[in-house]
Protein chains: 2
Amino acid sequence: MCLEHSKESFCKNNVNKMKNTVWHHANVSRGLRNKQNHHKSFIIWFTGLSGSGKSTIAHAVENELFKQGCRTFVLDGDNVRHGLSSNLGFSEQDRKENIRRIGETAKLMVEAGIITLTAFISPYLQDRERVKNMMPQGDFIEIYCKATLDTCERRDVKGFYKKARAGKIKNYTGIDSPYETPVNPDLTLNTDDQTLKESLQAVLALLNRKSIL
Amino acid sequence: MCLEHSKESFCKNNVNKMKNTVWHHANVSRGLRNKQNHHKSFIIWFTGLSGSGKSTIAHAVENELFKQGCRTFVLDGDNVRHGLSSNLGFSEQDRKENIRRIGETAKLMVEAGIITLTAFISPYLQDRERVKNMMPQGDFIEIYCKATLDTCERRDVKGFYKKARAGKIKNYTGIDSPYETPVNPDLTLNTDDQTLKESLQAVLALLNRKSIL
């Protein structure tokens, strides 16, 4: 094919190399990045009702991991729903697409060497399973933030339960949209009773047990 | 509101803290991550026809930056079109949505402290402008990989031009879909003539000129 090129200099210097690069993907691999960072990269996936503590706990874990020198990032409603998923609503189909996009973005971040924490209700078992199956085994850690609807509704941190009860918000998980409880999560945090500190310690203990830090 | 809670322990320990965390976003900021990494984070956006060298040059730049100890990642067709954008085709609307998603993902990665290189045709001026405008000033560096259609078509690294000419691929940029040339890119690489090494050096010189490394 090189013979067809009139620009021999580019051909000799670039095209063959280009071919290699295009088809052999990045030369900087996840393995090299993990080595550079001195830690593995993986997803910590928090799931649970709104108000169950997912985002708070995810940020607390991130803070602790960052202090230990890790590369971390939290994907949550604040940075995803106004950006990557800003063109999605809360229908079942849109929720599925939202979780799919989050899963794909988290996968890219893990590839980039980052311990990626996600804090989304992610109500459907199948959607969480799909993300888990996208990842190499052990790279998807599911943490169930368990709190009763009663507790979450009384907390109502964002005031959304009240609006959902008043019919001002539709398809609100726990009110008029289902939440499918994890069957076999890596960890369950009973945030009805546990303090934030206790939840944080439980997550860190899990990461130590799994020897992934 | 705390008075309404029956679980006082959670209320006292968690809810107020939760409120702060939810509304004040992450405690680990981009600034802290940049400090941890000893370098700024930003987007290097490569645009140009298929075969103009975008991905090859992006990976060469990444290799060099990684060698210098930087945190880097390349978003390109290989890792985006099969994942995040796997439900999109090549119509004008789908291309726009593809670039939007890539922009949003790159923005998250920059927030996570990563020098994010993107290698996509990104044919529409407006779409590239939109990503640029999403980012703080100076955090979006546009690099135009300039090569004539004639050159790209003769290279035809992936064999797609041939298929497009044969009508087996529709909406192929340069054949039956437009490419809008950058008006004021941060750098133009004439990959008709330049070697990969020359292009790499030009990009590194630009980064040094901008004092962002």
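Reader: How do helix 5 of chain A and helix 6 of chain A lie to each other?

Author: Helix 5 of chain A and helix 6 of chain A are roughly parallel to each other, a description that applies to a predicted model. The reasoning is that their angle is about 20°, and angles under 35 degrees count as roughly parallel.

Reader: And how far apart are the axes of those two helices?

Author: The axes of helix 5 (residues 92–111) and helix 6 (residues 125–134) of chain A are 10 Å apart, and the crossing of these two helices is right-handed.

Reader: Which residues of helix 5 of chain A meet helix 6 of chain A?

Author: From helix 5 of chain A come A:K96, A:I99, A:G103 and A:K107, and they meet A:D127, A:R130, A:V131 and A:M134 of helix 6 of chain A. Sorted by class, the residues of this contact are three nonpolar, one polar and four charged.

Reader: What about chain B, at what angle do helix 5 and helix 6 cross there?

Author: In chain B, helix 5 (residues 92–111) and helix 6 (residues 125–134) cross at roughly 20°, and their axes come within 10 Å. Helix 5 of chain B and helix 6 of chain B are therefore roughly parallel to each other, with a right-handed crossing. On the helix 5 side of chain B the contact is made by B:K96, B:I99, B:G103 and B:K107, and on the helix 6 side by B:D127, B:R130, B:V131 and B:M134. Three nonpolar, one polar and four charged residues make up this contact in chain B.

Reader: Switching to the sheets, in what order do the strands of chain A come?

Author: The sheet of chain A is open and has five strands in the order 2-3-1-4-5, paired in parallel. Strand 2 (72–76) and strand 5 (187–190) of chain A have a single partner strand each, so they stand at the edges, with one side of each left without a neighbour in the sheet. On average, neighbouring strands of this sheet are turned by 20° against each other, direction ignored.

Reader: How many bridges join strand 2 of chain A to strand 3?

Author: Five bridges join strand 2 of chain A to strand 3 (residues 115–119) of chain A, and the two run parallel. Within this sheet, A:L75 stands opposite A:T118 in strand 3 of chain A.

Reader: Which strands of chain A does helix 9 touch?

Author: Helix 9 (residues 196–209) of chain A packs on the sheet and touches strand 4 (140–146) and strand 5 of chain A, and its direction makes about 170° with that of strand 5 of chain A.

Reader: Back to chain B: is strand 1 mostly covered or uncovered?

Author: Strand 1 (residues 43–47) of chain B is mostly covered, as five of its five residues are buried. From this strand B:I43, B:W45 and B:T47 point one way, whereas B:I44 and B:F46 point the other way.

Reader: What joins strand 1 of chain B to strand 3 and to strand 4?

Author: Strand 1 of chain B is joined by four bridges to strand 3 (residues 115–119) of chain B, running parallel, and B:I44 stands opposite B:L117 in that strand 3.

Key. Residues numbered from 1 in each chain as written. Chains lettered and ligands numbered in written order. Predicted model: local features only at pLDDT ≥ 70, side-chain atom pairs only at ≥ 80, totals over all residues. Pairing = 2+ DSSP bridges. Axes fitted to C-alpha atoms, helices over the stretch in contact; angles between N-to-C directions. Contact = placed C-beta atoms within 7 Å. Parallel < 35°, antiparallel > 145°, perpendicular 65-115°, else oblique. Left-handed = near helix turned anticlockwise from the far one by under 90°. Nonpolar A, V, L, I, M, F, W, Y, C, P; charged D, E, K, R; others polar. Buried ≥ 20, exposed ≤ 12 C-beta atoms within 10 Å, placed from the backbone.
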